[in-house]
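Biologist: I would like to learn how to read the features of a model like this one, feature by feature. Could we look at it together?

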Amino acid sequence: MNLNPPLIIASGPGGNGEYLKLINPEYIGAYTLKTVTLNPKKGNLPPRMRDKEHFVINSIGLENPGINHFIENIEKYKLNVKTILSLGGDTKEEYIKIAEIIDPYAQYFEAIEFNFSCPNVKKGGLSIISDKDEWEEILKKVRKILPNTFLIAKLSIEGNFVETSSQIVAKHNWEGITLINCVRGLIIENGKVITGGISGPILKPISLRAIYETRKKLKDIYIIASGGIYTEKDADEFLEIGANAISIGSALFKDPNVVEKIGKYLKGVKK
C-alpha cells in the first residue's frame, strides 16, 4: 500500500466512516470498516464498553448486518478516503465462503483485512488459529480466491508466538499483517466479573514487542501497528521499530482530534 500519511483508522472503533464527519480526510491514509461476517451478528448484550484510567475493555461481539446486506448497500460504504474492508467468520467454511462472495467487489477496496483475532466471540475470531492446519488452509484458499487483492491478517498475541503466526501468513503470500488486536481481559465491578478485550495505552509495550519480533523475522511484509497509539511520539516509535503504518482505535473515543494531530505530523511520510 502507498498511504500518505501512513495512518489508518482501525476496524471497530471507527464504525463505517462516521468519524469522517469530525476528521479532515486529508490526514487519514486509509479507513478500515467494521468487520463483516457471513451471517448477521447482533453482538453481545450491553453494556459493552468500560473506560478505565489506562485501558478500555469492550465486548462488542462483531455486531454487523452480514455480507449479503453489506453488498446490497455497498454504495453507502464507499468513503472519500482509501478504504480497507474487514471480514471475519465463525468457521473455516465461513471464511472461504465470504471470500468467494466478496471477490467481484474486491476492487472497491484498497485492501481486505481478515480478522483472525477477535476475543469477544464464542466461535471464530481468536479461536480460529488454534488449529494451525485448518488456519493454513484458510490462508491458502483465500489467497487463491482473491489473487490480486492486498490481503492483511489481523493477529493477536494470544495462543501463539506472533512472529511465528506472521511467518505462516507470509508463507501463503499475504501482503500484510495488523499487530495486534485486543487482548482478553477481566475486571471486577461491584462484585461482578466482566470480561472483554483490552485496548488503550496499556497495550503499547506489548504491541511494540510484537512488531519488533516480527520485523526481525520478516523484512518485507507490510505491518500495520495497532495498540495504544495516542500521540505523535507513539507513532514515531512504532514506525522506528518496523511498522509501515499505524492504526488508531480507542484513541478515537477519547478525542477524535488525535487523528488529525498525528495525521498532520505524519503527512509526507509515504509507506
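Modeller: Strands (E, at least two residues) and helices (H or I, at least four) are DSSP runs numbered from the N terminus. This is a predicted model, in which local features need pLDDT of at least 70 and side-chain atom pairs count only at pLDDT 80 or more, while totals for chains, interfaces and linings use all residues. Residues are numbered from 1 along each chain as its sequence is written, and side-chain values use heavy atoms, with hydrogens and water left out.

Biologist: How many bridges join S9 to S12, and do the strands run parallel or antiparallel?

Modeller: Two strands count as paired if DSSP finds at least two bridges between them. Here strand S9 (residues 176-179) and S12 run parallel and are joined by four bridges. S12 is also joined to S13 by three bridges, again with the strands running parallel, and Ala-225 has Ile-246 in S13 as its bridge partner. Between S12 and S13 the chain passes through H6, and this β-α-β crossover is right-handed (with the strands pointing away from the viewer, the path from the first strand over the helix to the second runs clockwise).

Biologist: How many residues of S12 are buried?

Modeller: Burial is judged by relative accessible area (under 20% is buried, over 50% exposed, and partly exposed in between, with a 1.4 Å probe and protein chains only). In S12, five of its five residues are buried: Tyr-222, Ile-224 and Ser-226 point one way, and Ile-223 and Ala-225 point the other way. In strand S13, Ser-247 is buried as well, with a relative accessible area of 6%. Contact (heavy atoms within 4.5 Å) links Ser-247 to residues that include Ile-8, Ile-9, Ala-10 and Ile-224, leaving aside residues up to four places away in sequence.

Biologist: Which residues of helix H6 are buried?

Modeller: For a helix, one looks down the axis and asks where the buried residues fall. In H6 (residues 232-241) the buried residues are Asp-234, Ala-235, Phe-238 and Leu-239. They fall within an arc of 125° seen down the axis of H6, so they line one face of the helix (the arc is that of the directions from the helix axis to the C-beta atoms). These buried residues pack against helix H5 (204-217), strand S12 (222-226), strand S13 (245-248) and helix H8 (257-266), whereas the face turned away carries the exposed residues Lys-233 and Glu-240.

Biologist: And what should I look at where the helix begins and ends?

Modeller: At the start of H6, a side-chain oxygen of Thr-231 comes to within 3.4 Å of the backbone nitrogen of Lys-233. Just after H6, Gly-242 has a positive phi of about 130°.

Biologist: Which residue other than glycine has a phi near 50°?

Modeller: That is Asn-190, in the loop between S10 and strand S11 (192-199), and Asn-190 counts as exposed at 81% relative accessibility. Asn-173 is not a glycine either, and its phi is positive at about 65°; Asn-173 lies in the loop between helix H4 (162-171) and S9 and is exposed at 55%.

Biologist: Where should I look for a cis peptide bond?

Modeller: One joins Asn-4 to Pro-5, with omega near 5°, and Pro-5 sits in the segment before strand S1 (7-9). A cis peptide bond also joins Leu-179 and Ile-180, with omega about 5°, and Ile-180 is in the loop between S9 and S10.

Key: A polar contact is a pair of N or O atoms within 3.5 Å; within protein, one must be able to donate a hydrogen and the other to accept it, and residues adjacent in sequence count only if both atoms are side-chain atoms.
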